[in-house]
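Subject: Structure handover

Hello! Here is the structure I promised to pass on to you. Please open it first, and then read my notes beside it.

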Amino acid sequence: MKDDIFGVLLALDKSFSVNRERRFELLWGIAQQASLAIQNDIINKEMIERQRLEREFQLAREIQQTFLPNQMPKIPGWEMDVRWETARLVGGDFYDYFLLPDGRLAFLIADVSDKGLAASLYMTVTRTLIRAAAQESTSTAETLERVNDLLLVNSQNGLFVTTFYAILSIDDGTLNYTMAGHNPPFVIRDQQNKVVEFSKGGIALGALPDIHLQQNQIILDPGDCLILYTDGVTEAFDLQDQMYGEKRLRQLLQKTIGERAKVVLENLETDLNNFRGSAPLSDDTTILAISRLKSLTNEHGDTRTAQDNIHSTPK
């Protein structure tokens, strides 16, 4: 508030006394005290308003977190892990996973084209629409096309959302998926000892009407791990404004071949934190990993499938 003007004090001295200069000094002191009182009142009101907004945003974050799953039924032979961190109190990144009526696992990751409160509201609507549309179609492409149509009905704010949506058969590892303008995932192939990046494709939901998306299919073999992420990972910056990038991400994943989902994400989270240092988040960051566990041999020599709780770790 330096150099701000809060008012004007006018005074007229008709006495022309020898103490005139002293009187003006007193008036100057009174004006300064009045100015400080006004500043303190403004600062106090701004602090109260800031605290109110912080409480509201904290409540919004708590509500947003209720829309993100934090527990998953035990699924033999599979492990899932998640990281979710927002650049602000609320954000536009989200993930979801749920069982379909036929027993297959549906899961997705998405990124709204903005941050903050508006993006969090758009995220909530999109997630709800995807869950509803998924009950009506077993096609990942048809599901996202339906969501796109619904988003465009009342969407007038120019927001859109990139999405990767997949349906996994937990029995044989068949994965049907559709890209809607999202960052291509990686699959860490254990038996082939390599990291494979999905092809780019599709258009973001809520951007254009009558879009046509493609459903693709791969098989996740025992030991494989699928990595989904938002651009907050590859576009993370350090204090020298260097970007993390896809090359470093791929190199990190290459070092985790054969590891389970939890270990992969722990290594990636550590590498991201080391790279970023004390630099603030420039964007929301979400990572989801799902791995098909290898067959293990128990003490009796019988082959069995490893099993762990599927869980998430929102930040």
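Below is what was found in the structure, going from the whole chain to single residues.

The model is predicted, with local features needing pLDDT of at least 70, side-chain atom pairs counting only at pLDDT 80 or more, and totals for chains, interfaces and linings using all residues. Residues are numbered from 1 along each chain as its sequence is written, and side-chain values use heavy atoms, with hydrogens and water left out.

**Confidence and overall make-up**

The mean pLDDT (the predictor's confidence in each residue, from 0 to 100) of the protein chain is 85, and 85% of the residues reach 70 or more. Over residues 297–315, however, the pLDDT is below 50; this stretch still has 55 contacts in the model beyond near neighbours in sequence. Contact here means heavy atoms within 4.5 Å.

The protein chain has 6 helices and 13 strands. These are DSSP runs numbered from the N terminus: helices are H or I with at least four residues, strands are E with at least two. Of the 315 residues, 44% count as buried, where buried means under 20% relative accessible area, exposed over 50% and partly exposed in between (1.4 Å probe, protein chains only). Among contacts with a separation of 6 or more, residues 24 or more positions apart account for 74%. The accessible surface of the protein chain comes to about 17,000 Å², and 50% of that belongs to carbon and sulfur atoms; the areas come from the Shrake-Rupley method with a 1.4 Å probe, and for residues only the protein chains shown count as cover.

**The sheet and its helices**

An open sheet of 5 strands has the order E2-E3-E4-E5-E8, with antiparallel pairing. Two strands pair if DSSP finds at least two bridges between them. Strand E2 (93–99) and strand E8 (215–219) are the edge strands, each pairing on one side only. Neighbouring strands of this sheet are turned by 20° against each other on average, direction ignored. For such angles, axes are lines fitted to C-alpha atoms (for helices over the stretch in contact), and values run from 0 to 180 degrees between N-to-C directions.

Strand E4 deserves a look of its own. Strand E3 (residues 105–112) is joined to E4 (residues 161–168) by 8 bridges, and the two run antiparallel. Leu105 stands opposite Leu168, and Ala110 has Thr163 as its bridge partner. E4 and E5 also pair in the antiparallel sense, over 5 bridges, with Phe164 opposite Met179. These two strands form a hairpin with 5 residues between them, and Gly173 in the turn has a positive phi of about 80°.

Because 8 of the 8 residues of E4 are buried, this strand is largely enclosed by the rest of the structure. Val161, Thr163, Tyr165 and Ile167 point one way, while Thr162, Phe164, Ala166 and Leu168 point the other way.

Helix H2 (residues 117–134) lies across E2, E3 and E4 and runs at about 20° to E2. Helix H3 (residues 140–154) packs on the sheet too, touching E4, E5 (174–180) and E8; its direction makes about 150° with that of E4. Thr140 is in helix H3 and counts as buried, at 0% relative accessibility. Its contacts, leaving aside neighbours within four places in sequence, include Tyr165, Ala166 and Gln215.

**The cores**

The largest nonpolar core has 51 residues; such a core is a set of buried Ala, Val, Leu, Ile, Met, Phe, Trp, Tyr and Cys residues joined through side-chain atoms within 4.5 Å. Phe107, Phe164, Leu205 and Leu226 have the most contacts inside this core. Another core, of 21 residues, lies apart from the largest one, and Val195, Tyr229, Leu252 and Ala261 are among its members.

**Some loop residues**

Asp283 is in the loop between helix H6 (261–276) and strand E10 (285–292), and counts as buried at 15% relative accessibility. Asp283 and Arg88 are 195 residues apart in sequence, yet 8.4 Å apart in space, C-alpha to C-alpha.

Two other loop residues are worth a check of the backbone. Asn193, between strands E6 (186–189) and E7 (194–197), has a positive phi of about 55° although it is not a glycine, and is exposed, with a relative accessible area of 53%. Asp241, between helices H4 (231–234) and H5 (245–254), has a positive phi of about 60° and is exposed at 60%.

Best wishes
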